[in-house]
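Biologist: I would like to learn how to read strand pairing and chain contacts in a model. Could we go through one case?

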Amino acid sequence: MRVPLSWLRDFAPISGHPADLAAALSGLGLVVEGMETFGEGLGDVIVARVLATRPHPNADKVQVVDVDAGDGADLQIVCGAFNFAAGDLVPLAPVGARLPGGMQIGRRNVRGQWSNGMLCSGAELALSADGEGIMILDAELAPGTPLTEALGIAADVVFDLDVTPNRPDALSVAGVARDLAAHLGVPFSIPELPAPAGGEYGATVSVVVEAPDLCPQFTGTVLSGVSIGASPQWMAQRLTLAGMRPINNIVDVSNYVMLELGQPNHPYDLDRLPGGGLLVRRARDGETLVTLDDVERALGPDDCLICDANGAAVGIAGVMGGASSEISAATTTVALEAAWFDPVAVARTSKRLGLRTEASVRFERGVDPDGVNRAVARFCQLAGEVAGATVAGPSVDVRGDLPRPARVVLRTSRVNAILGTGLSPADVSGYLQPIGFRSTPTGDGDFRVDVPSWRPDCEREIDVIEEVARHHGYTRIARTMPAITKVGGLSAYQRDRRRAREILVGAGLSEAWATSFLAAEDLARAGLPPDAVEVENPLAAEESLLRPSLLPGLLRAIASNAGHRRPDVGLFEIGHIFLLPPPGEQLPNEPEHLAVALGGGDAQDAVRIWNVLTDGMRLVDVALETTSLPGLHPTRSARVLAGGRPVGGIGEVDPQVLAAYAIEGRVGWFELDLGALLASPRRPAIHRPISRFPSADIDLAFVVEETVPAAAVERTLSRAAGDVLERIELFDVFRSPSLEGERSLAWRLRFSALDHTLTEDELTALRLRAIDAVTSTHPARLRG
Amino acid sequence: MTALADEVAAVEADGLGRVAAARSVAELRLVEQELVGGKRSALALLNSRLGQLDVEERKEAGRSINAARSRVQAAVADRAEKLAAGERAARIEAERLDLTEVIERRHATRGHRHLVTQARDELEDLFVAMGYEVAEGPEVETDWYNFEALNMPPAHPARSMWDTLYVRLGAAESTLLRTHTSPVQIRVMQSQPPPIYIVAPGRCYRRDTPDARHLPVFHQIEGLVVDRGITFGDLAGTIEAFTSAYFGPNIHSRLRPSFFPFTEPSAEFEVSCIFCEGRGCRVCSQSGWIELGGCGMVDPNVFAAAGIDPEEYSGFAFGFGIDRCAMMRHDIDDIRHFIANDIRFLEQF
């Protein structure tokens with residue numbers, strides 16, 4: 001909502017610096033998103049007459065113009081617009097002038113022709129949005145006249161307000177003025193106008209309302225003797241400042257009344273309205289109407305139509321009029337519609353048609369049901385002033401059940417309990433009275449509050465408390481802290497998740513956040529099955545699916561980093577993935593996954609990170625089970641088991657998938673259900689005694705068949721070594737052609753006892769036991 | 001049978017044999033080239049002799065050349081698929097690896113937590129220090145939790161404040177990607193009695209075209225307090241406490257009236273511009289303030305949906321963008337950095 005300050009002053013003696021007024025409006029919740037000054041910086045611009053135009057000898061996008069700037073001399077200007085002819089009057093910014101945008105006009109040479117100033121468009125002068133051509137001025141003006149004088153322009157300030165959906169009253173200049181005046185403590189009033197009296201002919205328009213539920217009030221008023229023309233400058237200027245384009249005096253009055261009072265209304269050319277009347281009814285199935293914007297609209301029984309007396313549609317109620325009965329230059333008699341339409345019905349129609357108009361927005365949020373007749377009176381007054389209209393007869397006013405404003409019990413004690421204030425009952429009623437909330441004391445600081453008709457959003461005590469808070473001032477409410485009697489904290493899972501992050505960061509990986517969306521083809525590209533939750537209304541094809549795995553997102557990250565010559569990045573991500581819900585359930589299964597992607601790393605690198613993670617999280621019952629998994633290298637992947645249950649996969653990304661992502665080299669990978677992983681058995685963080693005695697190492701190398709995982713042999717060694725084993729480490733792997741189908745694996749076992757230094761005999765026995773265990777359990781032999 | 005037809009049959013027979021005998025995709029491509037690949041291939045050469053025949057013969061021979069060509073091409077395609085599969089199988093087999101055959105290595109690089117995580121953790125810690133717990137909820141929600149329980153019944157005009165992404169589950173428009181973290185408020189109030197002091201961080205979604213300030217995927221943190229005697233003053237004090245703690249002692253907050261269906265009174269909260277500390281600069285459009293989030297007293301209708309008596313308990317809620325906090329703190333001008341995962345960005349923090 002764009003509100004000119006001069007217009008606000010029609011209703012209240014508002015004074016003060018515009019910046020302070022803007023702050024006051026924002027403080028009331030009518031947030032000022034922008035503030036513009038108008039009519040300033042035009043002091044240098046004058047009226048000039050075009051004497052002659054001719055082509056530029058060296059350029060065809062501009063022409064050369066001679067103008068008379070009032071001194072009778074020919075002044076040469078080079079101009080890029082062609083919308084005028086000799087004899088026209090135009091605004092001229094002479095050399096030395098500075099325009100509202102800050103542009104300084106100088107004498108310029110344009111391809112060999114001197115330009116001694118600039119002819120201006122409305123946009124260049126910040127007078128209109130029209131930047132297409134030069135502004136053509138009234139032919140009566142004298143060249144040399146200052147433009148502000150010639151146009152009767154008064155400087156003004158426009159506040160661009162962000163009006164929240166709960167404030168239909170603030171979609172009118174008067175409503176904004178009421179709030180601001182109350183805040184400033186100055187009187188506010190809307191001038192009372194007499195109801196339009198019947199004219200000498202007593203002419204009326206017939207009104208039939210067949211759908212009173214959709215249209216509880218409808219008025220029709222006939223104005224005759226209308227002379228269509230341009231609006232006076234003051235009205236055109238206010239409309240322009242408010243963001244509407246002046247059309248003709250009657251349409252402008254209609255818009256002016258809507259902006260001023262918040263009541264949309266519609267003038268029809270009565271002579272183009274067959275039957276001389278209006279009828280309101282539901283649309284029929286399959287009915288269509290061409291609206292003012294020349295679009296054919298398909299309608300149905302939920303939509304309310306305005307029709308001529310014969311039942312032919314002439315407009316969509318509360319949304320937009322039709323083309324057939326539009327005001328034209330030939331109009332002499334106007335039938336004015338001002339009505340109150342059901343907000344829900346207007347919202348439904350406007351949404352379905354995708355047609356939001358100034359009128360529909362106001363009806364949707366709720367216009368003042370007591371304001372219809374005032375708007376009619378204002379229209380008649382203004383139409384008389386600017387279009388010579390006279391009211392031909394009394395308004396026809398068809399009324400059904402209009403909503404009654406709420407009556408609310410307001411407790412001062414409750415106000416203070418909610419706000420944390422110490423307001424007196426007088427404070428409370430004092431804040432409410434200037435904004436039209438009438439409060440009647442009922443004892444004990446309680447009130448019966450009559451909510452004004454223009455505030456349909458206020459229905460409950462809490463809504464009125466907000467009004468008190470607004471006018472008291474949010475920033476004046478003393479800041480306190482709740483007296484919390486609880487100890488806060490993270491859940492065990494949340495602490496573990498942070499720990500997992502820290503471990504991975506410590507292992508040299510960086511954290512990624514990929515979008516949750518995938519394109520349909522991403523799944524096949526990543527070698528994943530095609531099942532995924534689909535987005536119903538994606539804005540882009542890349543947002544059609546919800547990710548069932550973190551793989552596609554991290555591969556894209558690896559690929560794009562490789563594109564910046566960083567192929568070796570190690571990334572991890574923790575985030576929700578989305579799996580189709582089990583039958584009978586509405587929401588998807590949404591586990592939190594942890595994934596690691598190692599650019600340039602292989603499956604064993606992935607296992608190294610996995611080992612760090614399991615050690616850090618003290619997971620004890622975890623194992624890798626060699627198998628093929630979707631998206632992973634068939635002979636370089638394993639299922640991850642935790643507590644005996646599968647919780648994810650580990651290995652390398654399938655070369656085919658990497659090729660599809662144009663990633664060269666390998667990518668080590670694992671992805672786990674973090675919740676399931678962390679729920680598996682953990683080693684308690686209980687201290688284990690450390691030996692004070694020297695430790696001894698035994699190195700053992702075995703030739704082991706390729707089919708036996710090193711981890712299996714290591715488990716056997718650990719078990720055989722017993723509790724004197726301090727640590728075990730695989731330190732060498734050796735393959736040669738002579739070891740076909742086998743490889744040599746060498747471990748270092750470190751032994752120590754808590755209560756003594758291990759003897760040579762003990763160590764020998766441990767060595768033999770370890771060798772025996774391995775060779776008797778596995779197809780393996782000690783390497784000689 | 002013309003001599004040409006005989007030759008076609010011979011070329012085809014020989015060709016099919018060679019296709020079948022090809023040992024690798026590379027060899028197969030050579031064979032294909034010689035048989036059907038271009039002007040000098042065997043079948044193309046035969047084709048070029050058609051001109052010497054009379055009309056009827058030409059038609060007949062042309063048909064047989066075309067038929068032979070498509071049979072050869074089909075055989076090539078078939079064989080190529082088999083060979084590629086075989087070659088992949090051989091490569092895959094040759095690469096077989098014992099994942100557990102791992103020799104530990106020392107490494108000496110450090111990784112980096114994502115900036116959004118860092119901001120989220122810090123915000124969580126701030127509120128935990130004030131006595132809050134951290135609650136989480138699903139990102140795909142029902143319409144009831146995202147809208148209806150938050151005082152937005154079906155067709156409520158305020159629903160248009162959010163551009164919602166729906167998913168194809170359940171009845172039409174019954175399941176959606178949560179547009180805010182507020183559904184977690186309802187889930188928490190349903191699952192535990194007051195007093196409630198929680199923050200709920202997480203991912204939210206809106207149907208936005210990505211640009212420097214918007215992503216369809218973003219991160220929000222929500223706060224909810226429900227207890228006896230909670231006031232708007234407590235809300236203002238809590239916002240101020242968090243603002244100065246997170247952004248620094250010279251950064252303050254202010255509330256101004258706004259509208260949210262799930263709070264009443266509602267407010268927007270602004271913090272002093274962290275770049276100029278309130279003096280006014282380009283970033284804050286000379287106002288000295290930057291809008292950060294929304295807040296207000298929990299609406300009685302929300303309490304009703306969650307089964308809490310609004311006469312016994314009162315409460316406040318607030319929500320703001322985690323990404324935005326991180327962007328302000330680190331002077332990041334484009335939110336898309338957060339999901340681009342460019343290591344040159346990640347490793348700066």
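Biologist: How many bridges join strand 33 of chain A to strand 34 of chain A?

Modeller: Helices (H or I, at least four residues) and strands (E, at least two) are DSSP runs, numbered from the N terminus. Two strands pair if DSSP finds at least two bridges between them. In this predicted model, five bridges join strand 33 to strand 34 (residues 667-673) of chain A, and the two run antiparallel. A:Gly649 has A:Glu671 as its bridge partner in strand 34 of chain A. Residues are numbered from 1 along each chain as its sequence is written, and chains are lettered from A and ligands numbered from 1 in the order in which they are written. The model being predicted, local features need pLDDT of at least 70 and side-chain atom pairs count only at pLDDT 80 or more, while totals for chains, interfaces and linings use all residues; side-chain values use heavy atoms, with hydrogens and water left out.

Biologist: Which residue in the turn between strand 32 and strand 33 of chain A has a positive phi?

Modeller: A:Gly643, with a phi of about 60°, in a hairpin that has two residues between its strands. Strand 32 (residues 632-642) and strand 33 (residues 645-653) of chain A pair antiparallel over seven bridges. A:Arg639 is partnered by A:Gly649 in strand 33 of chain A.

Biologist: What is the order of the open sheet of four strands in chain A?

Modeller: The order is 36-37-35-38, with antiparallel pairing. Strand 36 (725-734) and strand 38 (780-782) of chain A are the edges, each pairing on one side only. Strand 36 is joined to strand 37 (residues 742-751) of chain A by eight bridges.

Biologist: Which strands of chain A does helix 20 lie across?

Modeller: Contact means heavy atoms within 4.5 Å. Axes are lines fitted to C-alpha atoms, for helices over the stretch in contact, and angles run from 0 to 180 degrees between N-to-C directions. Helix 20 (residues 760-777) of chain A lies across strands 35, 37 and 38 of chain A, at about 15° to strand 35.

Biologist: How much area is buried between chain B and chain A?

Modeller: The size of an interface is often given as the accessible area lost when the parts come together. Here about 9200 Å² is buried (1.4 Å probe, summed over both parts), and carbon and sulfur atoms give 54% of that area. The contact involves 104 residues of chain B and 108 residues of chain A.

Biologist: How many salt bridges cross the interface of chain B and chain A?

Modeller: The rule (a side-chain nitrogen of Lys or Arg within 4 Å of a carboxyl oxygen of Asp or Glu) finds 17. One of them joins B:Asp98 to A:Arg743, with the closest N and O atoms 2.7 Å apart.

How values were computed
Buried area is the accessible area (1.4 Å probe) that two parts lose on being put together, summed over both.
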